[in-house]
Amino acid sequence: MSTPIQAKAALVSVFSKEGLEPLIKKFHELGITLYSTGGTEKFIRDLDIPVVPVEDITSYPSILGGRVKTLHPKIFGGILNRQDHEGDVAEMEEYEIPQLDIVIVDLYPFEKTVASGASQQDIVEKIDIGGISLIRAAAKNFKDTLCVSSVDDYEEVLELISANKGTTTLADRKRFAAKAFNVSSHYDTAIFNYFNEEETVYKASYTQGKTLRYGENPHQQGTFYGDFDAMFEQLHGKELSYNNLLDVDAAVNLMAEFKDENPTFAILKHNNACGVAQRPTLHQAYVDALAGDPVSAFGGILIANKEIDKATAEEIHKLFCEVVIAPSYSDAALEILKGKKNRVLLVQKPIDLPKDQVRSCLNGVLVQDKDHITDSLKDLKTVTNNKPTVEELTDLVFASKICKHTKSNTIVFAKGKQLFASGTGQTSRVDALRQAVEKATSFGFDLKGAVMASDAFFPFPDCVELADKAGITAVIQPGGSIKDQLSIDYCNEHDVAMVMTGTRHFKH
């Protein structure tokens, strides 16, 4: 009896009753006998629909405060029996076990309870035993049983049952079994991660996936696993691509450094900032950020830490850009920015970002804590005779924040809370510095009085020498080289201020 099967009985025992009523009414209409427990049983009775309590089958009440309700051979026998197996059929008759063709069960909200900050006792009580067992049993026996394990599937099940008058096919049941094992494996992963403190084991589960047009290049397939809608509201524009998502991620992480500060605007290209500025108004911040590298800004990702107003939108509209991100937009700004049909407009919602980073590597994955350290004035140790001015200190911290989010090896130049130029992703720090000097010069920036940030130490004094000759007057770097003193000595001899942070910010 592999296919099709006409459902005659269903076990329904759920935590959430949302969306359940139409399904219960359809089962009743089709003459499907309903079995249930506790609150779900009451819910069905309140609809004036007949329901058989599980206790009538097991001859046991719900015990141990509800911890044990359905864990009984007559329930699991009704789910796990093989309808084409003579021995099973005989035992079903011998022990008066009812056939259960459909099982509708959801799980206690374990993840939500953890996220709420509940006590360990409350969290442990939300570890489902009966529900997870019923789901696994019904999914295992998909040949004869339809397993419905999520409220998200109720509408689909209702359509299926209605269209086929209670009949399901093997393909239907196998598809829902896959959904059920997805639910159960995700649930167990969440529980393990909550309890695990000692095992060097990495488990991750994403239940939402979106197929992208393609990956990094058109010949590569791409998928995003995550809840994009929990983090952003897309107000306008085309579907985001694989590369868009990487750039959006880089933009969000960079702007997090300036979250509660004065109006700040950043423009990114290929995960690196090509323009950043902080000003009294967002309009001026955008204008000065764009001035940092108007060539690279073409087709870039734009992000602001304040609401985008009409004046700023008018300037942005002159530029071809892929994505604009902000906490909000004025009505007038939206009207302007929607003038380009493919331009993606995102509102970033205030949610916490993951605390770790994961990337594929060799035949496994690399996992690490995010670089959660942001250099601040209290972290700076002046190591030269010449001390930075107040303005230089402000710019050093500003430059360090950008440097932290720029691909290594990197050098960042800044002045007056404006990114002048950066050298990114170079195999030599000297090459990164020369690249930054060339870019700053090409866009008309005078580096005299500007500051320099480096993501790692200087093994030789060549970098500070080149920077000094370009006009740099203050430098921020982590330090840590056995030859730190050579760079310090050069700075002392040429009246360049240098501070060290003790924290390296490599970004490979």
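Before I show the helices, let me say that an axis here is a line fitted to C-alpha atoms, for helices over the stretch in contact, and that angles run from 0 to 180 degrees between N-to-C directions. Helices themselves are DSSP runs (H or I, at least four residues), numbered from the N terminus. Please keep in mind that this is a predicted model, in which local features need pLDDT of at least 70 and side-chain atom pairs count only at pLDDT 80 or more, while totals for chains, interfaces and linings use all residues. Residues are numbered from 1 along each chain as its sequence is written, and side-chain values use heavy atoms, with hydrogens and water left out.

Let me start with helix α17, residues 429-442, and helix α18, residues 462-470, whose axes come within 9 Å and cross at roughly 10 degrees. The two are therefore roughly parallel to each other, a term that covers angles under 35 degrees. On the α17 side the contact (heavy atoms within 4.5 Å) involves R429, V430, L433, R434 and V437, and these meet D462, C463, L466, A467 and A470 of α18. Sorted by class, this contact has seven nonpolar, no polar and three charged residues, where Ala, Val, Leu, Ile, Met, Phe, Trp, Tyr, Cys and Pro count as nonpolar, Asp, Glu, Lys and Arg as charged, and the others, Gly among them, as polar.

The next pair is helix α1, residues 21-29, with helix α9, residues 154-164, which pack at an angle of about 20 degrees with their axes 9 Å apart. That angle makes α1 roughly parallel to α9. From α1 the contact takes P22, L23, K26 and F27, and from α9 it takes Y154, V157, L158, I161 and S162. These residues divide into seven nonpolar, one polar and one charged.

Now to the cysteines: how many disulfides does a search of the whole structure find? It finds zero, a disulfide being a pair of cysteine sulfur atoms within 2.5 Å. For C321, the nearest cysteine sulfur is that of C274, 11 Å away. C321 counts as buried (under 20% relative accessible area, with a 1.4 Å probe and protein chains only), because its relative accessibility is 3%. The sulfur of C403 is too far for a bond, because the closest cysteine sulfur, in C463, is 12 Å from it. C403 is buried too, with a relative accessible area of 2%.

Finally, S487 lies in helix α19, residues 484-493, and it counts as buried because its relative accessibility is 1%. Leaving aside neighbours within four places in sequence, S487 is in contact with F458, F460, P461, V464 and M498.

Definitions and conventions
Buried means under 20% relative accessible area, exposed over 50%, partly exposed in between (1.4 Å probe, protein chains only). Angles under 35 degrees count as roughly parallel, over 145 as roughly antiparallel, 65 to 115 as roughly perpendicular and the rest as oblique.
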